[in-house]
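Dear colleague,

I am handing over the structure below, and my notes on what was found in it follow directly after. Please read them with the structure open beside you.

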Amino acid sequence: MLKKIVLIMLGLALSLSACSTPKSASGALTKISLPMGYIPNVQFAPFYVAVEKRYFKDAGIEITFDYKFETDGVALVGANNLPFAVVSGEQVPLARAQGLPIVYVAAWYQKYPVAVVSKTSQNIQTPADLKGKKIGLPGLFGANYIGLDALLYSAGLAEKDVTLDSIGFNQVAALAADREQAASVYSANEPVQLKAQGYAINELQVADYVKLASNGIITNEKTITENPNLVRGFVKAFLHGLSDTIANPDEAYTISTKYVDTLAGADQKVQKEILARSIDEWKTDRLGMSDPQAWQNMNDTLLKMGSITKPLDVSKMFTNDFIP
Amino acid sequence: MDINSLKHLPHIAKHHRRWLGFISLAAGIFVWWLIARYGGLPAFILPSPADVWTRFLRALLNGELARHTGATLLEVSLGLFSGVLFATILGYMLAKSRMLEQILSPYLVASQAVPLVAIAPLLVLWFGPGIFSKILICGLIVFFPVLVNTVVGIRAVPPAYYDLMRSLHATRGQILRYLEIPAALPIFFGGLRIGATLSVIGAVVGELVGADTGLGVLINIGRGTFDTPMVFVAVFTLVALALLLYGLVTWFEHRLLKWQEHIQQ
């Protein structure tokens, strides 16, 4: 009884939105609130397409998007208050190291979506050129931080070889004003905006130097055991939306305008370029598949950074069993 | 019971009242432990007091906690000092000039309607991610309560006292020193007590947006790595900082206003 009361209170505190618990749908649709880890954005087009084309409904799922901090989504899924969340790859080992029983069931991004950008005047052509440079990043957490460290390690460098500057999500302005010599950014977003503003930049894509597990869908061990059909249906619907978005970006963009209020008034060229670059990071021979080596690399990177203190069982972090 | 022992009852009751705070705290920790122990919740949702204590010791011994607390304390001290300084000077000027108050009050009231969490990223962008933006945010949050209480305190001085000072040919400096400051201090300290606790929030808001050190950074790292005990350690340290500042202000208040107690007696 006490456990129930506390869980209900924590669930309410963590999310004002209606939370759904995984349950099998017997005729009626299973209502699911999906934490997205960011604000409404054209990069979420595959989800919007899957909703618009009723792929989720065909799988017996009625979905609502819940834009919130990525870590909150992980905690809610880990506590089995929600069945699914969209998160970055590093969240899985970080959470599992603290006992959260989450499992990654479908890969969305095949390339880790982080890059280090700099003005061409800095002449940063390779990761080794970052030595001694002042690099801005949102903070010492999250994908920007982990991607940057992975890039440094790929060149035999470490954090001590550079100056890290926590600047919040102000990378574009900081680079434009020459406050930073380089910045860790999301590869589909800030580089496009910098170029649109007329800056000549160099980009070092993390994915070109090390393959890391990237953004995808997580669930928890309990949902996999008790409701595998829900997981299968969810993954299938999402991958259908992903496939359609890759095949027809213009249609996906038009659909996204219904879900992203600000999209219609934004710079269409920039937003379409963001979608195009994102699609490039999603493409693969078989959508949704996780590469075990990418998970091993993520585990090794986090160990080296000290973010996890002991190696984890990589095989428990992900599964490809639900990929159609 | 000896009738004489009843004479000691008020003293015993007073002595025990001092322990009420500790008993309340211990009861709170016990309830927390009960929920964590029998609620069946994993540590990432609700760590037990023992988990948090262990994490506290680890952070203390490896120097992590001292480094981050030191950074926050520095920001809070400088932010509080600068916020109080500017608020007191401007507050005195506003108290003395209705015209100035009418000119500035729309801005001052409007500034309170702006959520600092929303403008903190802009301040970091404009003034850089260094310590200055944190001091500024801290100073801004302290500013208003101290300003308002300064104005109210100065205006609360009875006009008859001014007449008395003038009849004694007191200069403006003497009126300020011997009448206005002592008379306004009790109300001023009310604002300072609020400002002191708010200053901790100001520093953390700045650190959460973009910083390399500070308890706000520790909270971010704790959240990012699902190290909930670390989040608790940072939050409790912030509470301790706020209590320390509040206690310091209260101590100064008692010292500086001792003369009032003598008058009342």
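In helix 3 of chain B, the residues B:L65, B:T69, B:T72, B:L73 and B:V76 meet B:V233, B:T237 and B:L241 of helix 10 of chain B, where two residues are in contact if their C-beta atoms, placed from the backbone, lie within 7 Å. The residues of this contact divide into 5 nonpolar, 3 polar and no charged; Ala, Val, Leu, Ile, Met, Phe, Trp, Tyr, Cys and Pro count as nonpolar, Asp, Glu, Lys and Arg as charged, and the others, Gly among them, as polar. Please bear in mind that this is a predicted model, in which local features need pLDDT of at least 70 and side-chain atom pairs count only at pLDDT 80 or more, while totals for chains, interfaces and linings use all residues. Residues are numbered from 1 along each chain as its sequence is written, and chains are lettered from A and ligands numbered from 1 in the order in which they are written.

The axes of helix 3 (residues 64-96) and helix 10 (residues 228-256) of chain B come within 11 Å and cross at roughly 40°; axes are lines fitted to C-alpha atoms, for helices over the stretch in contact, and angles run from 0 to 180 degrees between N-to-C directions.

Chain B as a whole has 11 helices and 0 strands, helices (H or I, at least four residues) and strands (E, at least two) being DSSP runs numbered from the N terminus. The radius of gyration of chain B is 23 Å, well over the 18 Å that the globule rule gives for 265 residues, so chain B is more spread out than a compact globule; the radius is taken over C-alpha atoms, and the rule is 2.2 Å times the number of residues to the power 0.38. Of the 265 residues of chain B, 36% count as buried, that is, with 20 or more other C-beta atoms within 10 Å of their own C-beta atom, again placed from the backbone.

Chain A comes to 13 helices and 10 strands. With a radius of gyration of 20 Å, close to the 20 Å that the globule rule gives for 324 residues, chain A is as compact as a globular protein of that length. Buried residues make up 53% of the 324 residues in chain A.

Between the two chains, 26 residues of chain A are in contact with 26 residues of chain B. Helix 1 of chain A gives the most to the side of chain A that touches chain B, with 4 residues.

With best regards

Notes: Buried ≥ 20, exposed ≤ 12 C-beta atoms within 10 Å, placed from the backbone.
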